[in-house]
Amino acid sequence: METRVEHPGPTVQVFVNDEVRVVPAGTTVGDLVVKVLGLQPPQVAVERNKVIVRRADYGSTGLAAGDRLEIVTFFGGG
């Protein structure tokens, strides 16, 4: 199943938890987490192509066509 975000301009296809996503070219890990997935960075861990992305690097880590991301969310409770 492919999830497409409507936007003008060039796009790239990435895989997020084995689901195809089409995002604007130039999208960063931070953009993906916040704008595309609607998550908060402190609540997620991201692995890009089998390498953990440090939260401090989300905004500077660009996505490329074919990237494979695994995103895990954390929820507190008791």
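A residue is called buried when its relative accessible area is under 20%, exposed when that area is over 50%, and partly exposed in between. By this scale, Asp67 is buried in this predicted model, because its relative accessible area is 5%.

Asp67 lies in the loop between β5 (51-53) and β6 (68-73), whereas Arg48 belongs to strand β4 (residues 44-48), so the pair ties together parts that are 19 residues apart in sequence. The two partners fall into separate classes of accessibility, for Asp67 is buried, while Arg48, at 24% relative accessibility, counts as partly exposed.

A search of the whole structure finds four salt bridges, and two others can be followed here in the same way. In one of them, the side chains of Arg21 and Glu19 meet with a distance of 3.5 Å from N to O. Here it is the arginine that is buried, as Arg21 has a relative accessible area of 16%, and Glu19 is partly exposed, with a value of 27%.

In the other, the side chains of Arg54 and Asp57 form a salt bridge with an N to O distance of 3.1 Å.

Key. Residues are numbered from 1 along each chain as its sequence is written. This is a predicted model: local features need pLDDT of at least 70, side-chain atom pairs count only at pLDDT 80 or more; totals for chains, interfaces and linings use all residues. Side-chain values use heavy atoms; hydrogens and water are left out. Buried means under 20% relative accessible area, exposed over 50%, partly exposed in between (1.4 Å probe, protein chains only). Helices (H or I, at least four residues) and strands (E, at least two) are DSSP runs, numbered from the N terminus.
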